[in-house]
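Let's take a walk through a protein together. Have the sequence and the 3D view open as you read.

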Amino acid sequence: YGAGAVGGIAGGIAMGLVAIAYGVITHGSIWYTINILAATVMPSLADADTAQLLQWNTWGLIFGLSIHASMSLMVGLLYGVILPMVPRGRPFFAIVIVPLLWSGLAWASLEVVNPQLKSEINWLWFIGSQVAFGAVCGFVVSKSERIGTMQNWSTLERVGMESPGVRDMGGDKK
């Protein structure tokens, strides 16, 4: 869990940097993307025009950072739990599969949550920020110390039966 939490924080920072770059490059404001995120829970920002989204908004910053931090932490924990169970292609899973699934989920849910907000999001940059999160979070999780669990044990080991050639619970071969 610790690797997932640290990976989520690191991935959240990487994602935030991509989002800030998008806001600055396309709109000339670092506040645009944080206000877009806050608009998912703030009706005043959800109904705001682009000029208002470019401006500083204290509650937008508070809500946007809270949403971003909590979601990054939760998704990082999911990476920490799921990524070690992926048998092959962990980088592909972390950098491509999960970001595309997450982006699809966000795209579909915004139709219900706030259809107007959906038009404000640049989906290529959004997917790029998801890929940045996945790359950094996946790297942190994959480099963490592996902890052996019973899921990798044979059936005989799990039920505690002794058998020639099967290691005991301590990990030594018999």
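Below is a short tour, from the overall picture down to one residue.

First things first: what you're looking at is a predicted model. Its average pLDDT is 85, and 86% of the residues score at least 70.

Confidence isn't even along the chain, though. Of the elements, helix H1 (residues 2-27) has the highest mean pLDDT, at 94, while helix H9 (residues 155-159) has the lowest, at 72.

## The overall build

What is the secondary structure made of? You'll find nine helices and zero strands. Read from the N terminus, the order of elements is simply α-α-α-α-α-α-α-α-α.

The protein has 174 residues, and 30% of them are buried. Now take the contacts between residues at least 6 apart in sequence: 60% of these join residues at least 24 apart.

## H1 meets H8

Look at H1 and helix H8 (residues 123-142), whose axes come within 7 Å and cross at roughly 155°. Angles over 145 degrees count as roughly antiparallel, so H1 is roughly antiparallel to H8.

The crossing of these two helices, H1 and H8, is right-handed. Sort the residues in the contact of H1 with H8 by class and you get 16 nonpolar, nine polar and no charged ones.

## H2 meets H5

Now for another pair: helix H2 (residues 31-38) and helix H5 (residues 58-82). How do they pack? The angle between H2 and H5 is about 75°, and their axes are 8 Å apart. Angles from 65 to 115 degrees count as roughly perpendicular, so that's the label for H2 and H5.

Who does the touching? On the H2 side it's Trp31, Ile34, Asn35, Leu37 and Ala38, and they meet Gly60, Leu61, Phe63, Gly64, Leu65, Ile67 and His68 of H5. By class, the contact of H2 with H5 has eight nonpolar residues, four polar ones and no charged ones.

## Zooming in on asparagine 35

Let's finish with one residue from that list. Asparagine 35 is found in H2. Is asparagine 35 buried or exposed? Its relative accessible area is 1%, and anything under 20% counts as buried, so asparagine 35 is buried.

Which residues does asparagine 35 contact, once you leave aside its neighbours within four places in sequence? They are Leu45, Gln52, Leu53, Gln55, Asn57 and Gly60.

How values were computed. Residues numbered from 1 in each chain as written. Predicted model: local features only at pLDDT ≥ 70, side-chain atom pairs only at ≥ 80, totals over all residues. Heavy atoms only, no water. pLDDT = per-residue confidence, 0-100. Helix = DSSP H or I, 4+ residues; strand = E, 2+ residues; numbered from the N terminus. Axes fitted to C-alpha atoms, helices over the stretch in contact; angles between N-to-C directions. Parallel < 35°, antiparallel > 145°, perpendicular 65-115°, else oblique. Left-handed = near helix turned anticlockwise from the far one by under 90°. Nonpolar A, V, L, I, M, F, W, Y, C, P; charged D, E, K, R; others polar. Buried < 20%, exposed > 50% of the residue type's maximum accessible area, 1.4 Å probe, protein only. Contact = heavy atoms within 4.5 Å.
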